[in-house]
Amino acid sequence: MSGAAEDAIREIIAQQVSAWNRGDAEGYGAASRAELGFTNILGMRWDTREAFITRHAEMFAGPFSGSTLAVTIERLGAPSTDVILAELRTTLTGFRGLPPGITAVAGVLTTRMLQVFVRERDGWYIAAFHNTAVLPAPRSPQT
């Protein structure tokens, strides 16, 4: 992966974080392809950038209003010159509520996200998001 490609991906991710923290669904989805595939932490799936933006607008107006997102890039991999996989660890604080079955630890929701970036003629775009909640480990039964 070239340094320019890595810089472009890091910039897109930084722009996403900024947009989330402003509650800006359009900005959060700005670098996505029109035929974006998105799977959320509950396993629900959407297949367009428009649906992705609509869903995030609902979340920003509801349970994630005023929330703060932080993202750590854990790994960038390039299976080809036109595809980059970004493995991210996200933390979300300041939310109003969480979906049933999703647990925060000490007020922090942690997820692992995979973003698939593709190079097009005019730059890099997100083709797919897959987000998974990191849940607390179950307790061992006491004997």
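Modeller: I start with the pocket, go on to the sheet and helices around it, and end with a cavity.

This is a predicted model, so local features need pLDDT of at least 70 and side-chain atom pairs count only at pLDDT 80 or more, while totals for chains, interfaces and linings use all residues. Residues are numbered from 1 along each chain as its sequence is written, and side-chain values use heavy atoms, without hydrogens or water.

The largest pocket has a volume of about 340 Å³. Its lining holds 24 residues, and Trp20, Ile41, Met59, Phe64 and Asn131 are the closest to the centre. A pocket here is an open set of points on a 1 Å grid over the protein atoms alone, where a 1.4 Å probe fits, with protein on both sides within 12 Å along at least five of seven lines; lining residues have an atom within 4 Å of a point. Volume is the space filled by probe spheres on points joined across faces, edges and corners. Elements are DSSP runs numbered from the N terminus: helices (H or I) of at least four residues, strands (E) of at least two.

Helix α3 makes the largest contribution to the pocket lining, with five residues. By class, this lining has 16 nonpolar, six polar and two charged residues. Nonpolar covers Ala, Val, Leu, Ile, Met, Phe, Trp, Tyr, Cys and Pro; charged covers Asp, Glu, Lys and Arg; the others, Gly among them, are polar.

Now α3 itself. The helix lies across β1, β2 and β6, at about 55° to β1. Angles run from 0 to 180 degrees between N-to-C directions of lines fitted to C-alpha atoms, for helices over the stretch in contact. Ala51 belongs to α3. It counts as partly exposed because its relative accessibility is 22%. From Ala51 to Val108 is 57 residues in sequence and 26 Å in space, C-alpha to C-alpha.

Next, the sheet. It is open, has six strands in the order β2-β1-β6-β5-β4-β3, and its pairing is mixed. β2 and β3 are the edge strands, each pairing on one side only. Strands pair if DSSP finds at least two bridges between them. Thr111 stands opposite Ala133 in β6. Helix α1 packs on the sheet and touches β3, β4, β5 and β6, its direction making about 155° with that of β3.

A loop links β1 (32-39) and β2 (45-46), and Leu42 sits in it. Leu42 has 41% relative accessibility, so it is partly exposed; buried means under 20%, exposed over 50%, partly exposed in between (1.4 Å probe, protein chains only). Beyond its neighbours within four places in sequence, Leu42 is in contact (heavy atoms within 4.5 Å) with Pro99, Pro100 and Ile102. Gly101 is 59 residues from Leu42 along the chain, with 8.6 Å between their C-alpha atoms.

Finally, the cavity, a set of points from which the probe cannot get out. A search of the whole structure finds one of 30 Å³ or more. The largest cavity has a volume of about 50 Å³. Its lining includes Ile13, Gln16, Tyr28, Leu88 and Met113. Two or more of its lining residues come from each of α1 (3-22), β3 (68-80), β4 and β5. The largest share, three residues, is from α1. The cavity lining has seven nonpolar, three polar and no charged residues.
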